Amino acid sequence: MSAVPVPQLHYRPMRATDLQEVARLEKTLYEFPWSLGNFRDSLNAGYDCWVACEGETVIGYAVLMIALDEAHLLNIAIASASQRRGTGRAFLKKILGVAKAAGCLIVYLEVRPSNVAARHLYRTSGFQQIAIRPNYYPSVAGREDALFLGLTLR
Ligand SMILES: CC(C)(COP(=O)(O)OP(=O)(O)OC[C@H]1O[C@@H](n2cnc3c(N)ncnc32)[C@H](O)[C@@H]1OP(=O)(O)O)[C@@H](O)C(=O)NCCC(=O)NCCS
């Protein structure tokens, strides 16, 4: 019996035709998800929107807003079934490479204090806390602060 080949992970810019699937994944990954319209607006605004794929299947997505030499990572996510295999770290590295190639000197992002997985990923990727943004996110208990992180690109 021949082994089924594992599709290789690759990245490409997000297309309008990805929006349905990206919004569907987003709903499974966040308690307070972006809408399809939020992703469409990001594409239309010219933000760097990327998808991570295995074969034809979208398993992750990221939205990066670049302004001059600063980038803001607005969203990055990996489908639940594809998590904890190094994909998030590899995708983040790709996105940081996009920012660097665009001439960015620093990448900022916000993360919930309760998001253990993302905080670990960012900390071990070199991000440092810059500030706390009080009551930044909606939460079931009302609002939740955001940790504001930054990474200097060298
Ligand atoms: C954060 C996220 C992108 C990580 O994706 P992933 O593919 O699981 O990441 P990786 O497999 O590359 O793991 C990265 C690191 O995080 C750790 N990690 C992943 N999930 C974890 C969890 N639930 N708890 C603790 N650590 C976790 C891994 O062990 C790994 O650390 P290590 O290399 O030191 O062992 C993913 O959990 C996700 O999409 N979450 C929902 C969306 C989200 O919260 N995005 C971030 C918004 S700020």
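Predicted model: local features only at pLDDT ≥ 70, side-chain atom pairs only at ≥ 80, totals over all residues.
**Exercise 1. Find how many residues surround the ligand, and sort them by class.**

Step 1. Apply the cut-off: 19 residues surround the ligand. The closest are Ile 76, Arg 84, Gly 86, Asn 115 and His 120.

Step 2. Now sort this shell. It divides into nine nonpolar, six polar and four charged residues.

**Exercise 2. Find polar atoms of the protein that lie within 3.5 Å of N or O atoms of the ligand.**

Step 1. Begin with the nitrogen atoms of the ligand. A polar side-chain atom of Tyr 30 lies 3.0 Å from a ligand nitrogen. For Ile 76, a backbone N or O atom lies 2.8 Å from a nitrogen atom of the ligand.

Step 2. Turn to oxygen. His 120 places a polar side-chain atom 2.7 Å from an oxygen atom of the ligand.

Step 3. Alone, the ligand exposes 930 Å², and the protein buries 76% of that.

**Exercise 3. Work out which elements build the shell around the ligand.**

Step 1. List the elements that give two or more residues: strand 4 (70-78), helix 3 (87-101), strand 5 (106-111) and helix 4 (116-124).

Step 2. Pick out the one that gives the most. That is helix 4, with five residues.

**Exercise 4. Describe the largest pocket and its lining.**

Step 1. Locate the pocket: the space taken by the ligand is the largest pocket. About 1200 Å³ of space lies in it.

Step 2. Look at the lining, which has 38 residues. Nearest the pocket's centre lie Tyr 30, Ile 76, Asn 115, Ala 118 and Tyr 122.

Step 3. Find the leading element. Strand 4 gives the most to this lining, with seven residues. Helix 1 (19-29) and strand 6 (128-139) are among the elements that each supply at least two.

Step 4. Sort by class: the lining has 19 nonpolar, 11 polar and eight charged residues.

Notes:
Residues numbered from 1 in each chain as written. Heavy atoms only, no water. Near = heavy atom within 4 Å. Polar contact = N/O pair within 3.5 Å; in protein donor to acceptor, adjacent residues only side chain to side chain. Areas by Shrake-Rupley, 256 points an atom, 1.4 Å probe, with all protein chains shown as cover. 1 Å grid on protein atoms, 1.4 Å probe; cavity = no way out; pocket = protein on both sides within 12 Å on 5 of 7 lines; lining within 4 Å. Sits in = over half its atoms within 2 Å of the grid points. Helix = DSSP H or I, 4+ residues; strand = E, 2+ residues; numbered from the N terminus. Nonpolar A, V, L, I, M, F, W, Y, C, P; charged D, E, K, R; others polar. Points joined across faces, edges and corners; volume = space filled by probe spheres on them.
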